[in-house]
Amino acid sequence: MSALLTLENVSMSYPITSGASGGRHSVFNNINLALAGGERLGIVGRNGTGKSTLLRIMAKIFAPSSGNVSWASGTTVSLLSLGLGFRPDLTGSENALLACMLQGLSKRDAVAELASIQAFSELGNYFDEPVKVYSAGMRARLGFATALKNRSKVILIDEVLGVGDQIFRDKATAALREEMSEDRAVVIVSHAEAQMRALSTKMLWLGSDGQRAVGDVDEIFALYNQ
Amino acid sequence: MPINDALRVTLPIRQYLTLMDTLARFQLKAEARRFALGYLWWIVEPLLYVAVFYVVFVKLLGNRQSDFLVFLAVGKLTFIWFSKSVNQAAMSLMTNRGLIGQVNLPKHLFPLSIVQEGLYRQLAVFVFLLLFLTGSGYMPHVAWVWLLPVAALQYLLIVTCGLLAAVLVCIRRDFQMLIQLGTVFLLFMSGVFWDVRALEDTELAGWLMALNPLVVLLDSYRQVLMHSESPDIARLFWVLVEVLVLLIGTMWIYRRLNFWLAQRAVTQ
């Protein structure tokens, strides 16, 4: 299957704002990667290696400092991060509707997805309560259900699945395996090795200088844990 | 910076407008939920302004000018549309950094949804203002139709200033303070409390109108609503030209800085 997303020699650096040096802080260099439909890519790496930044580049939110990122025609991307994106004064239902519309669904299609988002998130009557009264787990469930149901071709998950309870984590893992058809792909960033092993079909290891290795799950974890 | 075509973010105009409208309506809903009086504040707020003006200018300062209360109400209730919208739009990229960090959208969507929210609120204020005018003896007149183009021009000015303010605050948070101070400065410099036509120095009046579009707009509202006359069309036309030039420049900045603004909003 042709790649939904391809990264060629992608590097990222930020300008250093403190001090008068005017230099740049390099986050990572020369990432090369192709993500095909049906694949679930796990990304491991220590804190500060740029995992979240890489997801934002994949999500078309940041442009890389150098290198090339290309998406197959019509590829929509949904990024799910902890504590981001929800408006606390709006209800779960309103936030889900907005999230679907922000991902490109028409208002009518977004409204049509609300029932399945409510059911999958298991929020019950809380779906119509403001998100500010939600626990972290409830927010994660709403975010995950919205991302799963908004028909994005690529779902990028940044440390979200570790927050829900075990039952929801199992349900989310199963859904990612079952509902992600051959034309959709998932990228997961997590420090939970068991979950990464259960979900990923291939792995990317990010080191302090960029890409250390891409490959088979067992092989990468063996290297990463050394 | 290498940006391939897939990164260029465009939304069909209908989808964009629906999204902007939905964001604005949800923001209004959320705001209404926060207050016990909810949507009633749309009317209570202008009512309180008029009440305070009455106490201060008529009762305390003993102003004998029969139409001064109406003069103030027309000036203040239209000026506040500008000042509130621009100040709120200024913060819109920062307050929406969560969404900006998750979805690649045209960044102007956020200040524009705030401006749209202000427009919906202002519609209620205009209804209140027209009722207040009628109750004060100013009978509806065919010249009131001019209210529509004058308000449309003010909306365009608010859109432009709101967009520009949001970019400036995203570049440096310090601009938030300058914009707040700037709108207070404009409150005194735009003819809310004085009549530009009453200035003895006509050259100065001309300069004020040329440099500050709000002077022209506030004067136009008063000409239309209080004197049932058409506004100074030539001056309104020049305001339109100035605003359009600035708007085109501002939209170019948004297009050019789409990713930089996201990075700045998320990491600042």
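Predicted model: local features only at pLDDT ≥ 70, side-chain atom pairs only at ≥ 80, totals over all residues.
Residues are numbered from 1 along each chain as its sequence is written, chains are lettered from A and ligands numbered from 1 in the order in which they are written, and side-chain values use heavy atoms, without hydrogens and water.

**Exercise 1.** Describe the packing of helix 6 of chain B against helix 7 of chain B.

*Solution.* 
- Locate the helices (DSSP runs of H or I, at least four residues, numbered from the N terminus). Helix 6 of chain B covers residues 109-135, and helix 7 of chain B covers residues 147-171.
- Take the axes (lines fitted to C-alpha atoms over the stretch in contact, with angles from 0 to 180 degrees between N-to-C directions). They come within 10 Å and cross at roughly 150°.
- Classify the angle. Helix 6 of chain B is therefore roughly antiparallel to helix 7 of chain B (under 35 degrees is roughly parallel, over 145 roughly antiparallel, 65 to 115 roughly perpendicular, the rest oblique).
- List contacts (heavy atoms within 4.5 Å). Helix 6 of chain B contributes residues including B:Leu119 and B:Phe126; helix 7 of chain B contributes residues including B:Tyr155 and B:Gly162.
- Sort by class. The contact has 13 nonpolar, two polar and no charged residues (nonpolar: Ala, Val, Leu, Ile, Met, Phe, Trp, Tyr, Cys and Pro; charged: Asp, Glu, Lys and Arg; polar: the others, Gly among them).

**Exercise 2.** Characterise the dimensions of chain A.

*Solution.* 
- Along the principal axes, its C-alpha atoms fill a box of roughly 50 × 45 × 35 Å.
- For 226 residues, a compact globule would have a radius of gyration near 17 Å; chain A has 18 Å, which agrees (taken over C-alpha atoms; the rule is 2.2 Å times the number of residues to the power 0.38).

**Exercise 3.** Where does pLDDT stay under 50 in chain B?

*Solution.* 
- Start with the chain. Mean pLDDT (the predictor's confidence in each residue, from 0 to 100) is 92 for chain B, and 96% of its residues reach 70 or more.
- Residues 1-8 of chain B stay under 50.
- For the model, ipTM is 0.80 and pTM is 0.88.

Conventions:
Helix = DSSP H or I, 4+ residues; strand = E, 2+ residues; numbered from the N terminus.
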